[in-house]
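Subject: Structure for your review

Dear colleague,

Please find below the structure that I am handing over to you.

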Amino acid sequence: MLMTKLKPKEELQSLLPEKVFILQCHGCGEVSFPEREADELTRELLDAGRATGVLTTDYICNPENLSLRLERRKAMIDEAEGVLVLSCGVGVQTVSGALDGKSVYAGCDTVRLPGFQGVTPLEYDCGQCGQCYLSLTGGICPITACSKSLVNGQCGGAKNGRCEVDPDMECGWERILRRLEAVGRLDVLKCPTQIRNFAADADASR
């Protein structure tokens, strides 16, 4: 099972642009979602005039269903500077893949709990590491997309865009750089990545 928890409001305030479209996933049978806290955050952003629209659904890791729902809200998404996704890490990556030219922000951290972990047909993977970096890496997870799980940039060993550890694997950080460039957010790499708080994952799994 997975558990998602809302990121601290102070962290979200420092990440989010002025106008966002909010996508809430109420999860599936394998994901525990902080519905009450997410609803409170959504209301606050709506009351402050910072949300261009809201989509509340489930199973956003289903790309065909998600694309149809997003298409119906295209005007609201276009009006926003970014999309705030309240879901597990797989959901955030699915949204990022569906909205290639739009900045996507992870509103939740995902932690691992004992038991069944759920099944998705997608290539996206969530390391359930307790501190999500997807807001800073263009919606591409540096933990799972990089064979070394580097969070502070490319190792320098990639050749022709392929990983030095696994030549069949595309370099995760080259993918991240391309995505950040496409959404005009390369500037986020000027700031050092926050050191991971491993206690966040350890505490949740006890």
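**Salt bridges**

Glu170 counts as partly exposed, because its relative accessibility is 30%. Please keep in mind that this is a predicted model. Glu170 forms a salt bridge with Arg178, and the closest N and O atoms of the pair are 2.3 Å apart. Arg178 is also partly exposed, with a relative accessible area of 45%.

A search of the whole structure finds 9 salt bridges. Another one of them joins Lys9 to Glu44, with 2.6 Å between the closest N and O atoms. This pair links distant parts of the chain: Lys9 belongs to helix α1 (residues 9-15) and Glu44 to helix α2 (residues 35-47), 35 residues apart. Lys9 is partly exposed at 36% relative accessibility, and Glu44 is partly exposed at 39%.

Lys7, Glu11 and Asp109 are linked in a network of salt bridges. Within it, the closest N and O atoms of Glu11 and Lys7 are 3.2 Å apart. Is Lys7 buried or exposed? Lys7 is buried, since its relative accessible area is 2% and buried means under 20%. Glu11, by contrast, is partly exposed, with a value of 25%.

**Cysteines**

How many disulfides does a search of the whole structure find? The search finds 0. Cys88 is in no disulfide, and the nearest cysteine sulfur, that of Cys126, is 5.9 Å away. Cys126 is likewise in no disulfide, its nearest cysteine sulfur being that of Cys88. Cys88 is buried at 14% relative accessibility, and Cys126 is buried at 12%.

**The loop between α7 and α8**

Val183 lies in the loop between α7 (172-182) and α8 (199-204). Val183 is buried, with a relative accessible area of 16%. Which residues does Val183 touch, not counting those up to four places away in sequence? They are Asp100, Gly101, Lys102 and Ser103. Val183 and Ser103 are 80 residues apart in sequence, yet their C-alpha atoms are 5.9 Å apart in space.

Leu186 lies in the loop between α7 and α8 as well. Leu186 counts as partly exposed, at 37% relative accessibility. Together with Leu177 and Leu189, Leu186 forms a nonpolar patch on the surface, and the three have about 210 Å² of accessible area together.

Yours sincerely,
A colleague

Note on methods. Residues are numbered from 1 along each chain as its sequence is written. This is a predicted model: local features need pLDDT of at least 70, side-chain atom pairs count only at pLDDT 80 or more; totals for chains, interfaces and linings use all residues. Side-chain values use heavy atoms; hydrogens and water are left out. Helices (H or I, at least four residues) and strands (E, at least two) are DSSP runs, numbered from the N terminus. Buried means under 20% relative accessible area, exposed over 50%, partly exposed in between (1.4 Å probe, protein chains only). Contact means heavy atoms within 4.5 Å. Patches are made of residues with over 30% relative accessible area and no salt bridge: like charges are joined within 9 Å, nonpolar side chains (Val, Leu, Ile, Met, Phe, Trp, Tyr) within 5 Å. Accessible areas come from the Shrake-Rupley method with a 1.4 Å probe; for residues, only the protein chains shown count as cover. A salt bridge is a side-chain nitrogen of Lys or Arg within 4 Å of a carboxyl oxygen of Asp or Glu. A disulfide is a pair of cysteine sulfur atoms within 2.5 Å.
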